[in-house]
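Here are my notes on this model, point by point. Please read them with the structure open.

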Amino acid sequence: MSLNQQAEMNKKWFLTEKIIACLITLWGMYTLYGIVATIYGMISSGFVKSGNTTYLQILQTDHLGILLSLGCIFGGIFLFYSDKTGWLLTLICSSMFAISLFMSAAANRDNVKKTALFFYQSYSVTAILFVIILILLIQKPFREKYQPTPKNWRTAGLIFIVLLADKILM
């Protein structure tokens, strides 16, 4: 590969990194807004005061979504500025969103009316997009750029396992 071809390839990966960073950040903002709006709606409508749910139940239901959304926002911003922590955060958050969306789509595929079928199919499509992002982020140019140590991989793996266990058990 000539030097010119290598420089062109590096530009493509650089651009890919910036696009992924922007997409992840926007997704984090979108999901955080959705969760906060839902919680605000439940509180302001009097749903909580009526005894149908408690603040603790809201926290148990929505804490993982809030954490992942914040992880996406910070990870995307850090990734945009080529920070290793941002790269690791986007790996973790992309993995978790892919799994969460696939789980939601699978759990609701048989329980929905025909009119809502597209909504749950879109979960699968979005999960596939996160898998594509994850595959791109673990490609050789990113691994060479960020040079993760075995400790980085173990830490990211442990965080992922804890978040996955939280998703499954809660």
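1. A salt bridge here is a side-chain nitrogen of Lys or Arg within 4 Å of a carboxyl oxygen of Asp or Glu. The model is a predicted one. By that rule, three salt bridges are counted. Glu17 and Lys18 form one of them, at 4.0 Å from N to O. Glu17 is buried, because its relative accessible area is 1% and the cut-off is under 20%. Lys18 is buried as well, with a relative accessible area of 13%.

2. Which residue of helix H5 pairs with Glu17 of helix H1? Lys145 does: the side chains of Lys145 and Glu17 meet in a salt bridge at 2.6 Å, N to O. Lys145 is in helix H5 and Glu17 in helix H1, so this pair ties together parts 128 residues apart in sequence. Lys145 counts as partly exposed, at 39% relative accessibility. Shared partners join Glu17, Lys18 and Lys145 into one network of salt bridges.

3. Another salt bridge links the side chains of Lys140 and Glu144, at 3.7 Å from N to O. Both residues lie in helix H5. They are four residues apart, about one turn of the helix.

4. The largest nonpolar core has 25 residues. Leu68, Leu79, Trp87 and Leu137 have the most contacts inside it. Helices H1 (3–44), H2 (55–80), H3 (84–108), H4, H5 (140–146) and H6 (150–169) each supply at least two residues of this core. H3 gives the most, with nine residues.

5. Look at Leu137 in particular. Beyond its neighbours within four places in sequence, Leu137 is in contact with Ile20, Leu79, Trp87, Thr90, Leu91, Ser94 and Phe142.

6. How many disulfides are there? The count is zero. Cys72 is in no disulfide, and the nearest cysteine sulfur, that of Cys93, is 4.2 Å away. Cys93 is likewise in no disulfide. Cys72 is buried, with a relative accessible area of 0%. Cys93 is buried too, at 3%.

7. On the surface, Phe102, Val125, Ile128, Leu129, Val131, Ile132 and Ile135 form a nonpolar patch. Together they have about 590 Å² of accessible area. Helix H4 (residues 117–137) gives the most to this patch, with six residues. Ile132 is placed in helix H4. At 44% relative accessibility, Ile132 counts as partly exposed.

Notes: Residues are numbered from 1 along each chain as its sequence is written. This is a predicted model: local features need pLDDT of at least 70, side-chain atom pairs count only at pLDDT 80 or more; totals for chains, interfaces and linings use all residues. Side-chain values use heavy atoms; hydrogens and water are left out. Patches are made of residues with over 30% relative accessible area and no salt bridge: like charges are joined within 9 Å, nonpolar side chains (Val, Leu, Ile, Met, Phe, Trp, Tyr) within 5 Å. Accessible areas come from the Shrake-Rupley method with a 1.4 Å probe; for residues, only the protein chains shown count as cover. Buried means under 20% relative accessible area, exposed over 50%, partly exposed in between (1.4 Å probe, protein chains only). A nonpolar core is a set of buried Ala, Val, Leu, Ile, Met, Phe, Trp, Tyr and Cys residues joined through side-chain atoms within 4.5 Å. Contact means heavy atoms within 4.5 Å. A disulfide is a pair of cysteine sulfur atoms within 2.5 Å.
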